[in-house]
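Hi everyone, thanks for coming. Let's take a look at the structure together, and then I'll walk you through a few places in it.

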Amino acid sequence: MTKEKKPQIDAGNSTVLQSMPNPALSPEQQQQIAAAVKQLQAGGTVAFPTETVYGLGADIAIPSAIRQIYETKGRPADHPLIVHFAHISQLTHWAKEIPESAWKLATHFWPGPLTLILKRSQHVPQYVTGGQSTVGLRIPDHPIALALLNALGAETALAAPSANRFGRISPTTAAHVQDELGKNVNMVLDGGACQVGLESTIVSFDDDAVSLLRPGGIPLSALETVLNDKITINNHYKTTIRAPGTLNSHYAPATPLEICPTQTICQRTRELEAQNLCAAVITWSVAKSNPMINKNIVQFAMPQEPIAYGIQLYATLRRFDQKGFDRLLVEAPPDNAAWLAITDRFQRASHNNTNNELK
Ligand code: TXA
Ligand code: MG
């Protein structure tokens with residue numbers, strides 16, 4: 001497949017980087033990146049690692065490749081995709097009327113787990129943004145993702161949702177991507193386990209006022225420190241923005257997931273036991289795992305600190321989801337801002353369960 005060439009843009013350092021081998025990558029990885037670029041330029045999809053979760057990437061300039069993303073994920077066509085690029089000097093190519101607060105966040109946190117929703121420029125096709133006048137933009141912080149974007153060139157960018165089927169748990173290893181998408185993705189670049197483990201934090205702008213649309217890899221407090229201002233948590237986004245990360249039921253394991261406050265989790269475990277149900281009890285306040293409380297109940301101790309907890313969250317849910325339990329019983333995370341992203345993911349993962357006490 002051929003695609004129309006776009007005019008050259010100011011690519012800053014990325015044109016230089018493009019022609020230099022990345023010393024952080026092995027020769028084999030560099031060969032794989034070259035093969036991935038060929039796939040993408042031919043209109044294929046490539047799953048690639050980022051610091052947050054694996055993305056399912058396609059060249060934004062190739063409509064059929066973007067369609068393939070939607071088909072592979074089973075995602076409705078009006079749900080916008082995040083556009084990934086390599087260097088901050090390209091920001092003005094993809095967005096316009098960029099507020100001062102967006103520049104502050106971009107210069108401080110990129111590359112990193114932050115997505116900015118900005119007015120899209122004419123270079124971003126509408127089929128990538130689900131017809132919206134805004135675009136989600138991000139520079140990922142992963143050597144393979146950056147090498148891929150640099151090798152692809154500054155004239156284009158990669159649209160990439162998380163590389164999972166619609167509504168399911170995001171993948172944090174290449175093996176998870178294979179489990180999710182199998183042969184429906186043309187190529188998977190393996191960059192090991194993701195270092196953050198939760199999707200990017202998403203913010204939008206109304207002039208210089210910043211709203212949080214999705215809590216994620218960067219804590220709210222870190223954003224507020226850089227802005228020296230409060231950020232509004234947008235409670236309306238679930239209904240007003242057509243975006244899957246903002247739907248109530250999302251990031252869900254197949255096994256029913258129930259959230260239970262610390263004070264009642266022992267009692268709830270006994271109730272499940274009495275009903276002869278098999279349950280994995282996922283705790284944070286109990287420091288040690290107990291692989292067999294009785295023949296039906298396993299207790300798994302997650303880290304007590306939110307960043308470490310976030311790194312393990314999806315891999316843990318995925319592992320227990322595959323073991324045939326009747327129930328995943330999750331201890332409610334501490335009620336403070338540092339745990340916002342984790343609480344958010346559990347609320348969505350448990351949405352269909354009537355026993356959920358956090359809702
Ligand atoms: O960490 C991440 O953000 C990962 C990696 C691969 O970069 N990507 C990711 O993409 O989580 P996805 O498609 O699973 O979630 C993208 C979210 C949507 O759910 C939506 O909330 C938001 O990005 N989004 C994208 N464009 C938007 C727009 N124009 N307006 C509002 N929200 C938008
Ligand atoms: Mg997703």
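**A short tour of the model**

Let me begin with Trp110, which counts as buried at 8% relative accessibility. By buried I mean under 20% relative accessible area, with exposed being over 50% and partly exposed in between, using a 1.4 Å probe and protein chains only.

Some housekeeping before we go on. This is a predicted model, where local features need pLDDT of at least 70 and side-chain atom pairs count only at pLDDT 80 or more, while totals for chains, interfaces and linings use all residues. Residues are numbered from 1 along each chain as its sequence is written, chains are lettered from A and ligands numbered from 1 in the order in which they are written, and side-chain values use heavy atoms, leaving out hydrogens and water.

Back to Trp110, then. Which ring does Trp110 form an aromatic pair with? The partner is Phe85, and the pair is edge-to-face, with 5.6 Å centre to centre and 90° between the planes. Here, rings of Phe, Tyr and Trp (its six-membered ring) pair if their centres lie within 6.5 Å; planes under 30 degrees apart count as stacked, over 60 as edge-to-face and the rest as tilted. Phe85 is in the loop between β3 (82–84) and α4 (91–94), and Trp110 is in the loop between α5 (100–109) and β5 (114–120), so this pair ties together parts 25 residues apart in sequence. For those element names, helices (H or I, at least four residues) and strands (E, at least two) are DSSP runs, numbered from the N terminus. Phe85 is buried too, at 1% relative accessibility.

Trp110 has something else to show us: the peptide bond from Trp110 to Pro111 is cis, with omega near -5°. Pro111 has its place in the loop between α5 and β5.

Now for the other rings. A search of the whole structure finds six aromatic pairs. Ring pairs also link Trp284, Tyr309, Trp339 and Phe346 into a cluster.

The charged end of Arg319 sits over the ring of Phe300, 5.1 Å from its centre. Arg319 also lies over the face of Phe320, at 5.4 Å from the ring centre. The rule here is that NZ of Lys or CZ of Arg is within 6 Å of the ring centre and within 35 degrees of the ring normal.

Let's turn to charged pairs. How many salt bridges does the structure hold? There are eleven salt bridges, each being a side-chain nitrogen of Lys or Arg within 4 Å of a carboxyl oxygen of Asp or Glu. Take Glu258 and Arg268, whose closest N and O atoms are 2.4 Å apart. Glu258 lies in strand β12 (residues 257–260) and Arg268 in helix α10 (residues 265–274), so their pair ties together parts ten residues apart in sequence. Both Glu258 and Arg268 are buried. Elsewhere, salt bridges that share partners join Glu199, Asp344, Arg345 and Arg348 into one network.

Glu199 counts as buried at 3% relative accessibility, and Arg345 does at 1%.

That brings us to Arg214, in strand β10 (residues 209–214). Arg214 is buried yet has no salt bridge, and the nearest side chain of opposite charge, Glu199, is 5.1 Å away. For charge, Lys and Arg count as positive and Asp and Glu as negative, with His and the chain ends not counted. What does the side chain of Arg214 reach at 3.1 Å? It is the backbone oxygen of Ser200. Leaving aside neighbours within four places in sequence, Arg214 is in contact (heavy atoms within 4.5 Å) with residues including Ile82, Tyr251 and Arg345.

Finally, two spots in the backbone. Glu97, in the loop between β4 (95–96) and α5, has phi near 50°, a positive value in a residue other than glycine. Asn228, in the loop between α8 (220–227) and β11 (232–233), also has a positive phi, near 55°. Glu97 is exposed, with a relative accessible area of 57%, and Asn228 is exposed with 71%.

Terms used
Polar contact = N/O pair within 3.5 Å; in protein donor to acceptor, adjacent residues only side chain to side chain.
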